[in-house]
Amino acid sequence: MKKLIFGCLTFLALTFTVQAQEDPAKALKKAGNALKSFELDQTANLDKLHEAVDMITIAVAASETNGNASTWQSQGDIYNTIANQIVSVQQLNVGSLDALPQVETPALVAFNAYQKALSMAEKKYQTKDALKGVRAVQTNLNNMGIYAYEKGEFANAYNNFNGVLTAHELLTENGEDSMLETEEAVNDQVYITGLAALNANEIAAAAPLFSRLKENGAEKAAIYEALYKIEAADALAPDSELTEEEKTAVMEKAYVNLQDGRKRFPDDVSILFAEINHFLRINKLDVLITKLEAALEKEPDNISLYTTMGNVYDNLYQREAKAGNEEAATGYFAESLKYYGMALERDPNFTDATYSIGALYFNQAANMTQELSTLADDFSKEGQRKYDELQAEVAEVFETALPFFITVEKQKPSDINTLIALKEIYARKSDFTMSNEFKARLETVQAGGTVESYFMKN
């Protein structure tokens, strides 16, 4: 066995030596011949495409040949052919991706090679061939960008889409046709390139693209939402080091873009939702209600809008309850309950709304419990009477909340917040068997496990 392994290693060493000793000029010629053989019969001569890659790799690495336009033209043709094959597999389901040479970003490699060939061209035919290659690879750059975008590889998508734009500029400068035949087509390409950059969190790359679209007057409302995200990036980042005040200041400044978008596209729903998210982030609840009301007029069957409105009023209720403004708190509580109910009218199985109603009552009872603790120190007859009445009221409100959490538990038995609520409510009912049951379930879920519904089984 040792001799066999040694023999294999020797063979590999000899193979490497032969490749290393390959004359670069001959390798360049072999690369071209191998590509021609492949093109004559792409099914039978697939090995020739692999050979072409091996040979051109030698040629572009050697000082004897990498200063020639023909070397880079050949690399461009070979790698663009690989890109063509990938497109055939993806669009026509012909062949196998695994059978092709496994090279990274073939369209980008080809485009860069054609650019080098163009910069080194000394004769008219070399310039013509390089530009022809740029036009041919432009379509493949776009296809590769689409495939990468669909897979969520946004940085790769951006690089390919940006290559389409660069190729367009290069072609038009040299009086050649581009796949981007109209200004609208250019704007569309700039837009998708910007989206890829934004999704890849390449803010510096995305900013000039969307600014360019705005300056060009492109008819896309999403441009203004993108510019908002770009200018607010430091505040919106999960690891932002800004203080809450600094975040608000950054987002308020960025909001100008949404205002501009609203003026240009007054009926656009996407900008309206971007505004809603903005005011949610900076906690301007009064303004948010106005925006949500406008959104509901446009999308009256959007149940998430009703729950969002319910959440806004819930927050206002909490704020006023803590401030001791009982009348205002009661009004906001009723509005919150109304909107959650409207969401359930449209979808009785919408657990977000069901949970929110339970939480609304639970928090109301918790607020009352704080008042109960202050009465506990009053040992007078009147104080004890008030304490008993409030304690009964608190128990009633917790009891009102319970069915909503039970409903959610049946649908989402591993939801942590629901398990916490059930554990607490049963403890307050002095039903410690049930409270311990949900305590154990909570610990299981918090440890990374899952549980089956208690109420579906019992």
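Which residues does Ile56 touch, not counting residues up to four places away in sequence? In this predicted model, the residues that Ile56 touches are Leu28, Ala31, Thr71, Ser74, Gln75, Ile78 and Tyr79. Ile56 also belongs to the largest nonpolar core, which has 67 residues. Together with Ile78 and Phe210, Ile56 is among the residues with the most contacts inside that core. A second core of 60 residues is separate and includes Ala401, Leu402, Ala421 and Tyr426.

Helix H2 covers residues 24-40 and helix H4 covers residues 69-92; their axes come within 10 Å and cross at roughly 30 degrees. Angles under 35 degrees count as roughly parallel, and H2 and H4 are therefore described as roughly parallel to each other. In passing H4, H2 makes a left-handed crossing. From H2, the residues Leu28, Ala31, Gly32, Leu35, Phe38 and Glu39 meet Ser70, Thr71, Ser74, Asp77, Ile78, Thr81 and Gln85 of H4.

Another helix to examine is H10, which spans residues 222-231. Its buried residues are Ile223, Tyr224, Ala226, Leu227, Tyr228 and Ile230. These buried residues of H10 pack against helices H8 (183-199), H9 (203-215), H11 (233-236), H12 (244-264) and H13 (269-281).

Finally, the confidence of the prediction should be considered. The protein chain has an average pLDDT of 89, and 92% of the residues score at least 70. Over residues 1-19, however, pLDDT stays under 50, and the model has two contacts beyond four places in sequence for this stretch. Where pLDDT is low, predicted coordinates should not be read in detail.

Definitions and conventions. Residues are numbered from 1 along each chain as its sequence is written. This is a predicted model: local features need pLDDT of at least 70, side-chain atom pairs count only at pLDDT 80 or more; totals for chains, interfaces and linings use all residues. Side-chain values use heavy atoms; hydrogens and water are left out. pLDDT is the predictor's confidence in each residue, from 0 to 100. Contact means heavy atoms within 4.5 Å. A nonpolar core is a set of buried Ala, Val, Leu, Ile, Met, Phe, Trp, Tyr and Cys residues joined through side-chain atoms within 4.5 Å. Buried means under 20% relative accessible area, exposed over 50%, partly exposed in between (1.4 Å probe, protein chains only). Helices (H or I, at least four residues) and strands (E, at least two) are DSSP runs, numbered from the N terminus. Axes are lines fitted to C-alpha atoms, for helices over the stretch in contact, and angles run from 0 to 180 degrees between N-to-C directions. Angles under 35 degrees count as roughly parallel, over 145 as roughly antiparallel, 65 to 115 as roughly perpendicular and the rest as oblique. A crossing is left-handed if the near helix is turned anticlockwise from the far one by less than a right angle, and right-handed if clockwise.
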